[in-house]
Amino acid sequence: MRTCFYVLLLCLGILNTRAQQAPEIDQAVVMNYFQDQQYTAAIAYLQSRIQPDNVRQLALLGYACYLAGKWPDAIHTYQQLLQQDSTYKPAHQYLGSIYMQQEQPALAIPHYRMLAALQPQAGSYKQLSFAFFAARETDSGFVYLQRAYALNPLDSKVVARMAEEWLDRQRYNAADSVLQPYLAKDSLQTSVLIPAVKTAYFLKDYPQAIALGQRLMRQQVISLTAYSFVAAACYYAKHYQECIYVNDFLTQANMNTETIMYYAAMACTQLKDYTRSNQLLQQCVDLAKSKSLDDYYTAMGANYEGLHAYTKATACLDTAYYLFKAPLRQYSIGRIYDHYLQKPATAQRYYRRYLQLARTKENEPAITLYVRQRLKEMQGGK
């Protein structure tokens, strides 16, 4: 009976609402919390005073949750706000930002699309474009990227992405037309220099590619992709000493690739420094024969075995053995010939090779015992 009476009073508006009871929010108090980075305290303060139908107060609470890293609360608050004002731009901005940081670009796109409609500016189109690219909707991303570029051709991130998109489409002159105006204004921006190196290389402007690479090295920038093109440009332009320097620069930074090392080796050959060339080529061989390759080929062999593609399985295992001479690969090949391909003579050959190699190298006692027992069985118990 008491509960029914309470509900009746509430319906008649006799009881005060929470909004009416809540004390006003002191902006100075909130700002002090923000300045001291006491975001949790700010949230508690706002929640005790907020009026659920006040857009500005909801925006303040949502921002406090955003700063505190309490994204689910921020999302909930901003969504509440948008139910009252669907055009409130900061809510769309922060929701888009949260979803992008959560790697959920598909959820960010509607908010960035609304922002672009409300304020058709370069920054809005840029955000929408990058969200589409992150969602792997490349065509839509490129459309909005072009709009962003048309409104602000000096945004380094937009310029770099535009150039990369044209490069992917093998439109090298188009990429160059985007890069050159920017480089005339700012020749040191790393994000633009990297696609500029690639563009110059594909246009066979090797001196330009080399010059841009030198700028990157002076700035101590490490970009293996860019330096691969710089090394190639140096070699084809017959700047052999510079080609070697690119390799040395990366070696000092403990960063290198087979490709760059190979060009340096070939440059040494051109300079008749055959000893250094062979040293570099040996390093290339060592990199190519990374121990990980044994794992990769062995794993592929297991996959082919699971697919009943036994010939392919033995080929993978044989390649792994050829590269690294691990005795277990001989055992694995023998096991496949024994149990699946029904070729006992071939199986015995691989089993014996395993036992011979296992004496001085990798030795698995349990496997060795099994192989010896199996060979006896295959030979009629002799």
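This passage looks at how helix 6 packs against helix 5 and helix 7. The model is a predicted one, so to speak of local features pLDDT has to be at least 70, side-chain atom pairs count only at pLDDT 80 or more, and totals for chains, interfaces and linings use all residues. Residues are numbered from 1 along each chain as its sequence is written, and side-chain values use heavy atoms, with hydrogens and water left out.

Helix 5 (residues 55–67) and helix 6 (residues 71–84) have axes 8 Å apart and pack at an angle of about 160°, which makes them roughly antiparallel (an angle over 145 degrees). Their crossing is left-handed (the near helix is turned anticlockwise from the far one by less than a right angle). Contact here means heavy atoms within 4.5 Å. Helix 5 brings residues including Leu58, Leu61 and Gly62, and helix 6 brings, among them, Ala74, Thr77 and Leu81. By class, that makes eleven nonpolar, four polar and one charged residues.

Thr77 sits in helix 6 and, at 4% relative accessibility, counts as buried (under 20% relative accessible area, with a 1.4 Å probe and protein chains only). Leaving out neighbours within four places in sequence, Thr77 touches Leu58, Leu61 and Gly62. A polar atom of the Thr77 side chain also lies 2.8 Å from the backbone oxygen of Asp73.

On to helix 7 (residues 89–101): helix 6 packs against it at about 150°, with the axes 10 Å apart, and this crossing is left-handed too. Among the residues in contact are Trp71, Ile75 and Tyr78 of helix 6 and Tyr94, Leu95 and Ile98 of helix 7. The class count is eleven nonpolar, three polar and no charged residues.

Technical notes: Axes are lines fitted to C-alpha atoms, for helices over the stretch in contact, and angles run from 0 to 180 degrees between N-to-C directions. Helices (H or I, at least four residues) and strands (E, at least two) are DSSP runs, numbered from the N terminus. Angles under 35 degrees count as roughly parallel, over 145 as roughly antiparallel, 65 to 115 as roughly perpendicular and the rest as oblique. Ala, Val, Leu, Ile, Met, Phe, Trp, Tyr, Cys and Pro count as nonpolar, Asp, Glu, Lys and Arg as charged, and the others, Gly among them, as polar. Buried means under 20% relative accessible area, exposed over 50%, partly exposed in between (1.4 Å probe, protein chains only). A polar contact is a pair of N or O atoms within 3.5 Å; within protein, one must be able to donate a hydrogen and the other to accept it, and residues adjacent in sequence count only if both atoms are side-chain atoms.
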